Amino acid sequence: MSVFDFIKGELLEVIEWTDDSRDTLSYRYPDEDKAIKNGAQLIVRESQLVQFVYLGEFGDTFGPGKHTLTTDNIPVLTRLKSWKYGFNSPFKADVYYLTTRLFTGNKWGTANPIMMRDDDFGIVRARAFGTYDFKIVDAKLFLKEVAGSDQNFRLDEFADTMRSRIVSVFSDALASARVPVLDVASRYTELGEALLPLINPVVSSKYGIQIGSFIVENVSVPPEVEAAIDKKSSMAAVVNLNDFVKYQMAKGMEQPGGGGAAGMASELAVGFSIAQQLMQQTGAVGAQGAKGAQGAGAAPPAPVAPSAPAAPELLSPADVGKIIGVPENDVMAIIQSGELGAKKIGESYRVTRAALDKYLAS
């Protein structure tokens, strides 16, 4: 082997890297203590980025394509090495390949509960976990803050390094967004989308990465908060139940005399409405009669002692028991035996005044 061949063998003429692992984020090209030749070919594939580092300082950055390393396209390195008139001799520098594709399905989670301030429940402790997608957008910042000088920085190392940092960013974003606990514990998709604009500026400026999607899969709160959430859901269900009863009444009115809860509800509603109208008309007639008598010069009527309130027309088994002086269980027994006529509405029984009078007279 000639001296020329030996020297040529000690120079890097082509620099390229093919990633077969699918989980490598950054890779320092192994130069085997070889120098880079003037005019060497640098090959950067799609979803790759190359960053030169010379004596601990960042040099030039190259995107996808085939690049010839000359003074014209390595201006930063030329300045660092103080090549005033270009370089003709080989040089040494670290060459880092970075993968810029989207890395999906990375898990995150809170090791300890995070504290949240909520308008409804005050200070609440919550645990959360989910997944996120990311990609490298700033090679220099990523190498400086995350990968360092690691020759082969892989995804599992990134997960260990970034898990607590992602959780910290999530906690800060959640606190600044002031999302109610009721929404945090039920609207996972909307929560991730709402927090993404708050998380991305932080991770981009600190770590040189961009979050493509941030998914909250579960948020768990203490049992007492879950009980409060269930109570609020029950209250909302009661409001909806009122609407349901109105609907049933309307359906019952479509079928006059129809049986079942709907027909009974409609009959009761119509009966109450007629009773209210009769009471209003009776009060109006009485008022007009009194006014006419006073206008004719008659003496005002003597005050009449208020009469006892009339017993309601529909009685519960407890009301019947009070009237006839027996326990409610005895009333239920005579209802179920058929001796006392009653209407069953849902799970309850109602007795009319006429049915009770008929039973007492028998």
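Aspartate 160 and arginine 163 sit three residues apart in helix H4 (residues 155–177), so about one helical turn separates them. In this predicted model, their side chains meet in a salt bridge, with 3.8 Å from N to O. That pair counts because the cut-off for a salt bridge is within 4 Å.

How exposed are the two partners? Aspartate 160 counts as exposed, at 58% relative accessibility, while arginine 163 counts as partly exposed, at 35%.

## A link between two loops: Glu16 and Arg45

Glutamate 16 forms a salt bridge with arginine 45, and their closest N and O atoms are 3.1 Å apart. This pair ties together distant parts of the chain, 29 residues apart. Glutamate 16 lies in the loop between strand S1 (11–15) and strand S2 (24–28), and arginine 45 in the loop between strand S3 (35–44) and strand S4 (48–54).

Glutamate 16 is partly exposed at 34% relative accessibility, and arginine 45 is also partly exposed, with a relative accessible area of 34%.

Aspartate 31 pairs with lysine 92 in a salt bridge whose closest N and O atoms are 3.7 Å apart. Lysine 92 is partly exposed, at 36% relative accessible area.

Which residues make up the network of salt bridges? Asp31, Asp33 and Lys92 are linked in it.

## The overall count

The count for the model comes to seven salt bridges.

Notes:
Residues numbered from 1 in each chain as written. Predicted model: local features only at pLDDT ≥ 70, side-chain atom pairs only at ≥ 80, totals over all residues. Heavy atoms only, no water. Helix = DSSP H or I, 4+ residues; strand = E, 2+ residues; numbered from the N terminus. Buried < 20%, exposed > 50% of the residue type's maximum accessible area, 1.4 Å probe, protein only.
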